[in-house]
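Welcome! Let us walk through this structure together, one step at a time.

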Amino acid sequence: MFKKILIGFVTLVASWFFSSASAVEHHHEGDIQPWKIGAEIFVNSNLFEPDFGDIGGGLYATDEPGFDVHIEKGAFTPGNWLRFQPVGKLLFWNGTEWSSAMPNGERIEITDALDNIISYRADGTSSTPGVIGKIGSDGGLHDHLEMSILNASNTLGGSTGAYRIELKLFESKANSDTSVAIAASPIAIVFNRGLAQDKFELAVSAAADLRDNSVFVAETGMLTIQRVKALGSYYQAKLKHLGDNKFELIDVQEIPATKE
């Protein structure tokens, strides 16, 4: 009975992962489109690729990606706030690998809906969560926040390369930091700062590989989920993709519950 429950749970996670992986492949451009089911927030992709060189923002600023609630899949609560918690630290693509070493002391700032500045630096992020906007009467929201890159001299500017930040979406009541719904996984945003498209795509591919929790190898159809919780314990699972978002469980090993 336990094995059947575990197989069902792991298969559900695998199905979610494969759908998300497909979204990452086909929805690199465009807005972040969250929706809510119960107390959990889902998104159309976990990786977005804005450009600091876009027409609207100029060389060192952009308001992409925007945030556009997918009401048809799951509306939010009218009057509440859609928010984001900065995660991790700022990373720079040096042409070979992602590193926290900034060429000229760069940082990325996001100006939220209340004009608060949320900063991403090589040594970490602001602890205060940002406000994206207020949920409308229809349960939706469509807003854009200004994102800019600054250098060590505290002026707009950034070395040529790619920059990666992460944020986790959550919903709260107005003027409250307490979440009423939250996304299980963070969203990665990889900014292009002056790279040719082919070199930028190399950086994006490497950024996707930084997500070490789940690895899908298309050539073999094998999905490895490094850590999944079921019935109070943690497991590593290997599954074979059968097509149509269906998986066959190949192997499950219990692992220590030490990594957060």
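A salt bridge here is a side-chain nitrogen of Lys or Arg lying within 4 Å of a carboxyl oxygen of Asp or Glu. Keep that in mind as you look at this predicted model, in which the side chains of Glu-171 and Lys-36 meet in a salt bridge, with 2.9 Å from N to O. Glu-171 sits in strand S14 and Lys-36 in strand S1, which covers residues 35-37, and the two are 135 residues apart, so the pair links distant parts of the chain. Is this pair buried or exposed? Glu-171 is buried, at a relative accessible area of 0%, and Lys-36, at 15%, counts as buried too, because buried means under 20%.

A search of the whole structure finds 5 salt bridges, and two others are worth a visit. Asp-177 pairs with Arg-83, their closest N and O atoms being 2.6 Å apart. This pair also connects distant parts of the chain: Asp-177 belongs to the loop between S14 and S15, while Arg-83 is in strand S6, 94 residues apart. Here Asp-177 is exposed at 55% relative accessibility, whereas Arg-83 is buried at 4%. Then there is the salt bridge between Arg-121 and Asp-123, at 3.0 Å from N to O. Arg-121 is partly exposed, with 29% relative accessibility, and Asp-123 is exposed, with 64%.

Now step back to take in the chain as a whole. Its secondary structure comes to 2 helices and 20 strands. Of its 260 residues, 43% count as buried. Among contacts with a separation of 6 or more, 63% join residues 24 or more positions apart. The accessible surface comes to about 12,900 Å², and carbon and sulfur atoms account for 52% of that.

Let us turn to the interior. In soluble globular proteins, nonpolar side chains tend to be buried together. The largest nonpolar core of this model has 32 residues, and Phe-84, Ile-108, Tyr-120 and Leu-169 have the most contacts inside it. Several strands each supply at least two residues of this core, including S6 (81-93), S8 (107-111), S9 (117-121) and S14 (161-172). What does Phe-84 touch, leaving aside its neighbours within four places in sequence? Among its contacts are Ile-110, Ile-118, Tyr-120, Val-131, Leu-145, Leu-167 and Leu-169. A second, separate core has 13 residues, and Leu-47, Leu-91, Trp-93 and Ala-162 are included in it.

Methods: Residues are numbered from 1 along each chain as its sequence is written. This is a predicted model: local features need pLDDT of at least 70, side-chain atom pairs count only at pLDDT 80 or more; totals for chains, interfaces and linings use all residues. Side-chain values use heavy atoms; hydrogens and water are left out. Helices (H or I, at least four residues) and strands (E, at least two) are DSSP runs, numbered from the N terminus. Buried means under 20% relative accessible area, exposed over 50%, partly exposed in between (1.4 Å probe, protein chains only). Contact means heavy atoms within 4.5 Å. Accessible areas come from the Shrake-Rupley method with a 1.4 Å probe; for residues, only the protein chains shown count as cover. A nonpolar core is a set of buried Ala, Val, Leu, Ile, Met, Phe, Trp, Tyr and Cys residues joined through side-chain atoms within 4.5 Å.
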